[in-house]
Amino acid sequence: MKAILNYLFIGLALLTGVCHATAQVTNLGIVPVAGGQSLLYWPVGRTDYVLQTVTNLTSTNWATARTAFAVNAAEVTNSAASGFFRLMPTTTTAGMALVPAGWFLMGDSLDGESDALPTYNIYVSAFFMDVNLVNYGLWTSVYAYATQRGYNFVDTGVNGGAGTNYPVTTVDWYDCLKWCNARSQQAGLTPVYYVDAGFTQVFTNGDDGATVYQNLTANGYRLPTEAEWEKAARGGGIGLRFPWGNLIHTFQAQYTYSFGVLYDLGPANSPAGPSPVGSFDVNGYGLCDMAGNEFEWCWDWYAMPYGQPTAINPTGPPGPGPIFRVLRGAYWQATGNYLRCALRYAAFPNNASFDFAFRCVRGF
């Protein structure tokens, strides 16, 4: 970390050359160069970034770093340039946040739950994620667009509350994929999901038992992989039980107090349903409701043990074979011990429950 900080701003000064020299690079990263230095790069054509800094990763208030110079972590005196750094694109899609590329420890050994073991070091490329769960207002808007263009949904979606800003619920995995494709087309983006391996026929119809292929090179909306979801949920935190730390309060998420669990500080509550999206504070990546409120569909098939087939951008075990798809995040009736970042849940992909919702991600 110290070496990276020492050379971070050297990379900033050389960015013009880097953009031309690393045209094949598709993600933000740091590469070693001659002379024991490092270069910071980002995708070609995406040069409108702002450097931000924060002194503590538990803080969510990143500030623009106005002073750029080499930093020695042991001798920092200028608070504007101290601590941790990130580059944020100023052209991030409205309503989405950047989850930066990098390695993280996937899984959880804190509470001895076999479902989240063994832990693995996983690398995930940078991506954008919806700050909030898809709310009923957005769902119905895209749904209307889709049904007028030949899409067929098994479930129409249910409003999780009394207003359009509550999460849409009661949507199965297949309908989420079709909706993502429709949202992509409505936004002028390339759909991700297809019914053929050659990515020629967009997935617009079909449900239980349908074979779906995802084109991860497309720039459209999609469900997160399980690894992407967990990295996003952790918000840059390392080895923590929850997105914000190891203790939980009922004012941090929509869930039901768990009596007898020492790290649940309550107070006791009995929520009647999900909360409006964005009701609670964001995590380190600027994301809401990554614990509690509603379970969230992911792309992956569910399998035990927890191990991933690859350490770089895993997409879960191959099908056919597994019968469940992964859900993450827990829901409003779950107790605090179920809201851990590593907690895994699974359901048949054609299961549409009032407890199931989703959010979208996009690649670069």
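The model is predicted, so local features need pLDDT of at least 70 and side-chain atom pairs count only at pLDDT 80 or more, while totals for chains, interfaces and linings use all residues. Residues are numbered from 1 along each chain as its sequence is written, and side-chain values use heavy atoms, with hydrogens and water left out.

Let me begin with the whole chain. The chain contains five helices and 19 strands; these are DSSP runs numbered from the N terminus, helices being H or I of at least four residues and strands E of at least two. Of its 364 residues, 52% are buried, where buried means under 20% relative accessible area, exposed over 50%, and partly exposed in between, with a 1.4 Å probe and protein chains only. Contact means heavy atoms within 4.5 Å. Among contacts in the chain with a separation of 6 or more, 68% join residues 24 or more positions apart.

I turn now to the interior. In soluble globular proteins, nonpolar side chains tend to be buried together. A nonpolar core is a set of buried Ala, Val, Leu, Ile, Met, Phe, Trp, Tyr and Cys residues joined through side-chain atoms within 4.5 Å. Here the largest has 49 residues, and those with the most contacts inside it are Trp139, Tyr193, Trp297, Leu339 and Phe358. The elements giving two or more residues to this core are β6 (96-99), α3 (136-147), α4 and β15, and α4 gives the most, with seven residues. A second, separate core of 23 residues includes Met106, Trp229, Ala233 and Val326. As for Tyr193, residues that it touches beyond four places in sequence include Leu177, Val212 and Trp299.

What of Asp208, buried or exposed? Asp208 is exposed, because its relative accessible area is 56%. This residue lies in the loop between β12 (193-194) and β13. Not counting residues up to four places away in sequence, Asp208 touches Tyr174 and Asn350.

Finally, the second largest pocket holds about 450 Å³ of space. On a 1 Å grid over the protein atoms alone, a pocket is an open set of points where a 1.4 Å probe fits, with protein on both sides within 12 Å along at least five of seven lines, and lining residues have an atom within 4 Å of a point. The volume is the space filled by probe spheres set on the points, which are joined across faces, edges and corners. Of its 23 lining residues, the closest to the centre are Thr211, Val212, Trp301, Gly319 and Arg325.
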